[in-house]
Amino acid sequence: MTTGNVRSPTRVRLRAAGLTLPLVAFVGFSFLFPLGTMLSRSVYDPLVADTLPDTLALLEEWDGEALPGEPVFAAAARELGTALEGRLAGRLGGRVNRVASGMRTVIVRGARAAAEAPAATARETLVAGDPAWGEPATWRAIRTAGERFTVRHYLRALDLDRDAAGSIIRQPEELRIYVPLLLRTLMVSGAVTLLCLLLGYPIAHLIANSPPSRARWLILLVLVPFWTSLLVRTTAWIVLLQTHGVLNSLLVALGIVADDGRIAMIYNMTGTLVAMTHVLLPFMVLPLYSVMRTIPPHFMRAASSLGANRRQSFFRVYWPLTLPGTAAGSLLVFILAIGYYITPALVGGSSGQLFSNMIAFHMQTSLNWGLAAALGGILFVVVGALYVVYDRLVGATSLKLG
Amino acid sequence: MTRAVSFAALALGAACGPGDGPGSLTVVSWGGAYARAVTRAHYEPFEAATGLTLAREDYNGGLAEIRTQVDTGNVHWDLVDLEMFDATRGCDEGLLELIPDGLLGPGADGSPAAEDFWPEANGDCGVGNVFYSTVVAYHPDRFPGEKPAVLGDFFDLERFPGRRGMRRSPLVNLEFALMADGVATDEVYAVLDTAAGMERAFGKLETIRDQVVWWEAGAQPPQMLADAEVAMSTAYNGRIFNAQVLENQPFVIVWDGQVLDIGQTGIVAGTPRLKEALEFLRFSSSAEAMARLSGEIAYSPTRRSALPLVTTHRETGVPMLPHLPTSPQNLGRVLTSDTLWWSDHLDEVNERFSAWLAR
């Protein structure tokens, strides 16, 4: 062998790194880029600022108390007219409406009046379109909505608001929703993780200690639901648990509950817990199984031969050895549970809704993507914080994912 | 290399799928019984008449999909059945094409479209398709004695015990609550405009909250009634009708305090198939097409001249008129949904509704 054939280690390393390029490009294109654009929506919204630049520039010198002067009205009327032509008036109204409810029609009516029925002064034009233009509150709302960079969505997502003076206050009680929901989501995720661990640990242990022929079948039993569509599994629970479903009818037939005393097991928190535990169980069983399989059975025998009773040998030998699997399974289940929304939406009723259902709601129904992004950002931070805590406690490198 | 390129082109072509070629349109509707009805009444006759093919999709309302398509410039939906509320909002936001003047043909009696349509039926971007109604319906087996007769009975858990189905939305529910609490129909939105009125509506909902099962898709209430998951539910009247005649369900509609709405069809802004889409709208908004739709599902036509053409349910021969929401015997107490009020207040009310639900 000649030295000319030996490749320099740098080149080898570069070539090896080159193999990961498609993945890096894919992750960047399909994950990091959309994630970044989405998160940027939570703090950056240029629509109002771009549509009403002159009006907002003039409003900067306004004291916010008395009604602004005619130049402001004139600029607003002109820019609203342009917005209407560009079919932006509705979007503009929608944005201002998020600052102060009722502003949508005020803006659209003002824009229509400015474009179609100009009066002697711009002020008369707009006030004729909607009397709210004669009130300072309308202009304050426009000024607030005109901020290009804003923490408004994050305040909303934390149940906070700004009062007229600009200081941060808590929302009135009937509007506080996201913080309680986040706490509930964390609690539900914790409960689901615990249930999965309690149910999954014995199953994984059974599979790991069965002869291979039986283990294959048992693993299949875990995997078949894993391969079944999420929607099918969730609706199957509806069939089983509903008021006149299989389980309730069985209980009535056996005389355990009365016909008019059927138990509400679905469309509430119970439904969410049951269905989510079932859906997420494989994510607990598989990492546990892969760890337990590597624990030689003679460790336990060695422990008993050294005088440990069954409980001691379990807690002092077996349990610590399965810890990487337990931790990996718990982390997987917890993080998946925190972001779950299809199952709670289908079987959760009103009390079983989670944080992600609100994100879906703002993405799909209210179209307030800024707020959806802020909620997503908060979830992201919470999950990140949990990971850090986990890393400190267990060490992320000891994860065994199966 | 060329092979890779042609493979990529092939994959791209496959990803685009049907609905993108010339001569085909993607039509989006509400799924279930309603999608079935428009397929029979509008899609199939249109395909037969023009040779165009229609790719069908279902959705559950809202503007999210349309907005994503318009914002990314990748429009693959062409025609969408919309709640009037969304049609108005989508039009203001430039998500829907404006309906050109003169598109709509004259009525069956020759009267011009402007006179033939009910005045409130059409918007700038939406052509009125149907009047539909949200009503209270119940399963008679759950109430062996006295039967619910008025809207207030929906909120009366003592006389009529059992779970209730309601749409997971403040829309219509707040109106029901106030009407059941004795507010006159013409004052409902004025009362809702006040803080005390809003409090009153939520207070009324609170009285039955523990018993409510929330639904999202229009196909759910008939299913929940049939499964005895609920004893009484709010529902779209046409879905209840279809369950009655096609599945022989004994459901009964309480025609007191119905909330009347208009369903419109709109065209997604920027579609490359605008000409064909307009052709479809002209076709589906004819009096004959509307009457055909009312022969499939119990919703009323938005053209005056279409009503005399409505006779019986096509599949079962049941006379349609007594089941239409606008029939005189069903018009005892009716509230027309106020689209403008909701476009102003839905965001705020939704937050409050969600907070209330989650409590």
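Predicted model: local features only at pLDDT ≥ 70, side-chain atom pairs only at ≥ 80, totals over all residues.
Domain bounds here come from an automatic or database domain assignment.

**Domains**

Chain B is split into domain 1 (20-131 + 262-320) and domain 2 (134-259 + 332-358). Chain A also has a domain 1, covering 47-147, and a domain 2, covering 178-398.

| Chain | Domains | Distance between C-alpha centres |
|---|---|---|
| Chain B | domain 1 and domain 2 | 27 Å |
| Chain A | domain 1 and domain 2 | 51 Å |

How many residues of domain 1 of chain B are in contact with domain 2 of chain B? There are 17 of them, and they meet 14 residues of domain 2. On the domain 1 side, helix 2 (32-50) and helix 4 of chain B each supply at least two residues. Helix 4 of chain B has the largest share of that side, with four residues. Sorted by class, the domain 1 side holds nine nonpolar, six polar and two charged residues.

**Where the chains meet**

Now let us turn to the place where chain B touches chain A. Here 27 residues of chain B are in contact with 34 residues of chain A. Four elements of chain B each give at least two residues to its side of this contact: helix 3 (64-72), helix 4 (84-92), strand 6 (212-215) and helix 13 (339-358). Which of them gives the most? The answer is helix 13 of chain B, with 13 residues. The chain B side is made up of ten nonpolar, six polar and eleven charged residues.

**A covered helix in chain A**

Helix 6 of chain A runs over residues 103-116, so to speak a stretch of 14 residues, and spans 20 Å from its first C-alpha to its last, close to the 20 Å expected at 1.5 Å a residue. Is this helix mostly covered or mostly open? It is mostly covered, as ten of its 14 residues are buried. Among the buried ones are A:Met103, A:Arg104, A:Val106, A:Ile107 and A:Gly110. The cover over these buried residues includes helix 4 (70-85), helix 5 (89-99), helix 7 (122-129) and helix 8 (136-145) of chain A. Helix 4 and helix 13 of chain B are also part of this cover.

**Nonpolar cores**

The largest nonpolar core has 154 residues. The residues with the most contacts inside this core are A:Leu280, A:Val333, A:Ala337, A:Leu375, B:Ala137 and B:Leu293. Helix 14 (residues 269-292) of chain A gives the most to the core, with twelve residues. A second, separate core has 29 residues, including A:Val72, A:Val96, A:Leu126 and A:Ala141.

Leaving aside residues up to four places away in sequence, A:Val333 touches A:Val192, A:Thr193, A:Cys196, A:Leu280, A:Phe283 and A:Met284.

**A loop residue in chain B**

Finally, look for B:Leu309, in the loop between strand 9 (300-301) and strand 10 (333-336) of chain B. Why does B:Leu309 count as partly exposed? Because B:Leu309 has 16 C-beta neighbours inside 10 Å, and a residue needs 20 or more to be buried but 12 or fewer to be exposed. Not counting residues up to four places away in sequence, B:Leu309 touches B:Ala108, B:Ala287, B:Glu288 and B:Ala291. B:Leu309 and B:Met290 are 19 residues apart in sequence, and their C-alpha atoms are 9.0 Å apart in space.

Terms used. Residues numbered from 1 in each chain as written. Chains lettered and ligands numbered in written order. Contact = placed C-beta atoms within 7 Å. Nonpolar A, V, L, I, M, F, W, Y, C, P; charged D, E, K, R; others polar. Expected span 1.5 Å × (residues − 1). Core = buried A, V, L, I, M, F, W, Y, C linked by C-beta atoms within 7 Å.
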